[in-house]
Amino acid sequence: MNLSGAQIIVKSLQEEGVEAIFGYPGGQVLEIYDALYHSSLKHYLVRHEQGAAHAADGYARATGKPGVCLATSGPGATNLVTGIATAYMDSVPMVALTGQVPCNLLGKDSFQEADITGITLPITKHNYLVKDVKDLAKTIKEAFHIATTGRPGPVLIDVPKDVSVKKTKFKYPDTTCLKGYKPTLEGNKGQIGVAAKMIAESKRPVLYVGGGVVISGASGELFKLAELTLSPVTTTLMGIGAFPETHPLSLGMLGMHGTKAANYAVSECDLLIAVGARFDDRVTGKLDEFAPSARIVHIDVDPAEIGKNVRVDVPIVGDVKNILVELNSKLEQHLSTNWQDKISEWKAKHPLKYEKNGKLKPQFIVEQIYDVTKGKATIVTEVGQNQMWAAQYYKYTKPRSFISSGGLGTMGYGLPAAIGAKVGCPDSIVIDIAGDGSIQMNIQELATAVHYNIPVIVAILNNNFLGMVRQWQEIFYDRRYSYTDITGPDFVKLAEAYGAMGIRVNDPKEVKPAIKKAIEAKRPVIIDFVVEREENVFPMVPPGGAIHKMLGG
Amino acid sequence: MRHILAVLVENNPGVLTRVAGLFSRRGYNIDSLTVGRTENQNISRMTIVVEGDDLVLEQVTKQLHKLIDVIKINDITSEQYVDRELVLVKVGADAAVRGEIMQIVDIFRARIVDIGQRTLIIECTGDEGKINAVIESLKSFGIKELVRTGKIAMLRGQKFTSLNETREDD
Ligand SMILES: Cc1ncc(C[n+]2csc(CCOP(=O)(O)OP(=O)(O)O)c2C)c(N)n1
C-alpha cells in the first residue's frame, strides 16, 4: 500500500512504540497534523515549541524512552533549539521532527525557511534533511537508533512539505546499516581486570557517579559495587538518584555546591572511580587540585570523554551496566577501614545546614516536600538556587526521580519538563521546584497542563530575585545587584487565570498543609512560597577554585 | 606537531560542514583539508592536516569518530606514506624571461599548461617542500595568481585506509 510521507511518519512513530508527542502545528507540517488527526497517536499541543522540546526531554528522562517533539519550519523549528541543546548537553534521547519548505524552495530564503539542520548541527547527535520520501522510513529508523543507543542524544529530522505529501510504499525497516556508527558496549576485559586490581589495592576509594549510571540503568550494579568495596559514593547533579542518598556510603553531590564530605573525600581519595561522568568544570573546580593523590578509573560509553579534561589511569569504554557487572564479578568483599570512619566523621561534622530563624527558608520547603512525599516524588527543577536546594535538601533514592537541566542550565526547563515527566509517569507525584525568574520563562505551559489536566505542582521559591545571579553579585561584585531584582505577577491570580489552583505561603507552618493540598487537588497547582530574599546556596566553591576550599556551610 | 589524518566518510550532503564545523567549534587548527570521491562512490576521503599535541590529536580523532558520517580515521603521520599537493601558478612572463622560467619548470619537473601574451600558467605536483620551492623560485617573475590544493596522502605498501583493510594483493 502506498502511504504519504506524513502517514509514513505517523506509522513509523507507532512502529517505534511512541506513545506521546509534543508539538505545535504550522504551514509546513499541515500534512503531518492531518495524518495525526486520523491516528491514535497521542499528541499534546504545547503553547510554545520550546515547551514541546522540554516536555519531550522530561518525558524521556522520566521514562528512559525517547521523547518526540514536532514543530513547523522556520520559527517553529528555531523555537525548539534551546530544548534540543538542553537535551544534547545531558545526553537525553530525543527525536525532533520539523517541517521544512518544499524542496524546490529550499535555499531561496522562502517564507518560514530556516536552515535548521545547519543551526542544530552542533547540538544534535545527528540530523537529517529528507529530500526523498523513499528515504523517510529508513531515516526515522536510524534516528531512533542513534538517539537511544551508545551515548544517547537528540536527533533532528527535517521534512520538506512535498516529502510529507508524496507517496511511496511503506515498509518499516527491521535494522539499520550505519557504517560509521557502532558504539562500544562491552568493556575491555583486560582493562576491567586492571581496574579490579586497583580497587582491591586501594585504601581510600571514592565512586564518582554521573548521569551515565542512570541512563544505562546500572544503579543496581552500582549499589553492589559500593557495598562490595565500601566505597563512598558521590554523584554529580545528573547522577542524583543513581545511589540512595539515605545510604551510609552516600556523600551526596560533589562540586561547586556539593557537600563538604563529598569534596573532601574526592580531594583525599587514592582511587577515584568515575562512572558515567565527564569531569565537568562545575564538578572539578581547579583541575590541578582535583583528586590530586588519586589514580583514576574512568568508565564511560563515550570514548571522547576519556582524557578530555583529566588524565586517566584506567579508561574503560562501554556500557556502564555491562562493565559494572563484569567488574563486580571480579571483586571480593572489602572490610571496613578508617577511611569509612573518616567519611562518617566528615558527614557528621559537615551536614548541609541553614540558619533557622523562624522565617520561611527555601531549604526548609524542599525538606518539607521530601517529608510529605516520603521521597517518592519525581522532582523537576528550574535553574538557579532553586535547582541547587532541590538537589541538596531532598533525599533521592531512585534513578529518574530528579530531573534537571545540568549541562546547559536552561531556565524555563522545569515546567514543560514536569509536564512531559507526568505524561510519561502518570502515577508519580511530579513537582517542579522553581524560581520566580525561571518560571516566567515558560509559564505559558501552564495552559497545556490545564488543558490536558496534567496535574503537575509548581513550587515557586519566590525570592523576587534572580537569586543565583544575585548571590554571585553579593559574593564577587560587592553586592551590586545589577538587574537581578525581578518582579513577577501575582502567581496565585495567575494560576487561577490559567484555570489552575494557586496557593500562597508566607509562614513555615503553612508549608506542609499547602503541599498536601496541592497533591490532593489532582490538578495543576502553583504554590507561591514567599521566601527569605537573600538566602544563599552553601557550601560553594568559587569558580576556578579547588573543591576542598569551600565558602559557607 | 602536524598530523595527517586520512578520513573515510559517507558521501552525504553536509558531511564537509560537519567535519569543518567540528574543527572550528572545538578550536582545533586545520592546516589543510581536501576531500574527494574514492573507489567506492558512496564514500569520500578527506585528508586533514591538523596541528596539535598528542592530547589534542586524541580528542580530534575521538570527536571525529562521533560524527555518524565518519567511517574510519587513520593517523598516518608516523607511517610510511606518499603525499602530494598540486599548485597552479600564473606568473608574469615577457618574452625576455620565458627561457629562464622554462628552465625552472624543467628542474622541478613541472609543466606549462597555458601560454598567454604576458603570462604563463605552471602546474606542479609534489610534496609540500617541493611546492614551496617551486613557488619561491617563481616569485621573482611576479606571481599574478596562485592556487594550491592542500595535501592528499596514502600509506605505502601493504597498508590501507580503506573499508576492508585486510585485503591483500594477489
Ligand atoms: C535561559 C537562561 N538565561 C539566563 C540564565 C542565567 N541564570 C542562571 S541562574 C539565574 C537566576 C535564576 O533566577 P530564579 O529562576 O528566580 O531562581 P533562583 O536562583 O532565585 O532560585 C540566571 C538568570 C540561565 N541559566 N538560563
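Trainee: What distance separates the centres of domain 2 and domain 3 of chain A?

Mentor: This is a predicted model. Taken over C-alpha atoms, the two centres are 30 Å apart.

Trainee: Where do these domains run along the chain?

Mentor: The domain assignment of chain A places domain 2 at 189-349 and domain 3 at 362-530. Domain 1 covers 2-169.

Trainee: How many residues of domain 2 are in contact with domain 3?

Mentor: On the domain 2 side, 16 residues take part. They are in contact with 19 residues of domain 3.

Trainee: Now a single residue. Where is Glu113(A)?

Mentor: Glu113(A) sits in a loop of chain A.

Trainee: Why does Glu113(A) count as partly exposed?

Mentor: Buried means under 20% relative accessible area, and exposed means over 50%. Glu113(A) has 23%, so it counts as partly exposed.

Trainee: Which backbone atoms does the side chain of Glu113(A) reach?

Mentor: The side chain reaches the backbone nitrogen of Gly107(A) at 2.6 Å. For the backbone nitrogen of Lys108(A), the distance is 3.3 Å.

Trainee: What else is in contact with Glu113(A), leaving aside neighbours within four places in sequence?

Mentor: The contacts include Gly74(A), Gln100(A), Val101(A) and Leu105(A). Pro75(A) is 38 residues away along the chain, yet its C-alpha atom is 8.4 Å from that of Glu113(A).

Trainee: Which residues form a nonpolar patch on the surface?

Mentor: Phe476(A), Tyr477(A) and Leu551(A) do. Together they have about 270 Å² of accessible area. Leu551(A) lies in the segment after strand 20 (525-530). Its relative accessible area is 31%, so Leu551(A) is partly exposed.

Methods:
Residues numbered from 1 in each chain as written. Chains lettered and ligands numbered in written order. Predicted model: local features only at pLDDT ≥ 70, side-chain atom pairs only at ≥ 80, totals over all residues. Heavy atoms only, no water. Helix = DSSP H or I, 4+ residues; strand = E, 2+ residues; numbered from the N terminus. Buried < 20%, exposed > 50% of the residue type's maximum accessible area, 1.4 Å probe, protein only. Contact = heavy atoms within 4.5 Å. Polar contact = N/O pair within 3.5 Å; in protein donor to acceptor, adjacent residues only side chain to side chain. Patch = residues over 30% accessible without salt bridge, like charges linked within 9 Å, V, L, I, M, F, W, Y side chains within 5 Å. Areas by Shrake-Rupley, 256 points an atom, 1.4 Å probe, with all protein chains shown as cover. Salt bridge = Lys/Arg side-chain N within 4 Å of Asp/Glu carboxyl O. Domains from an automatic or database assignment.
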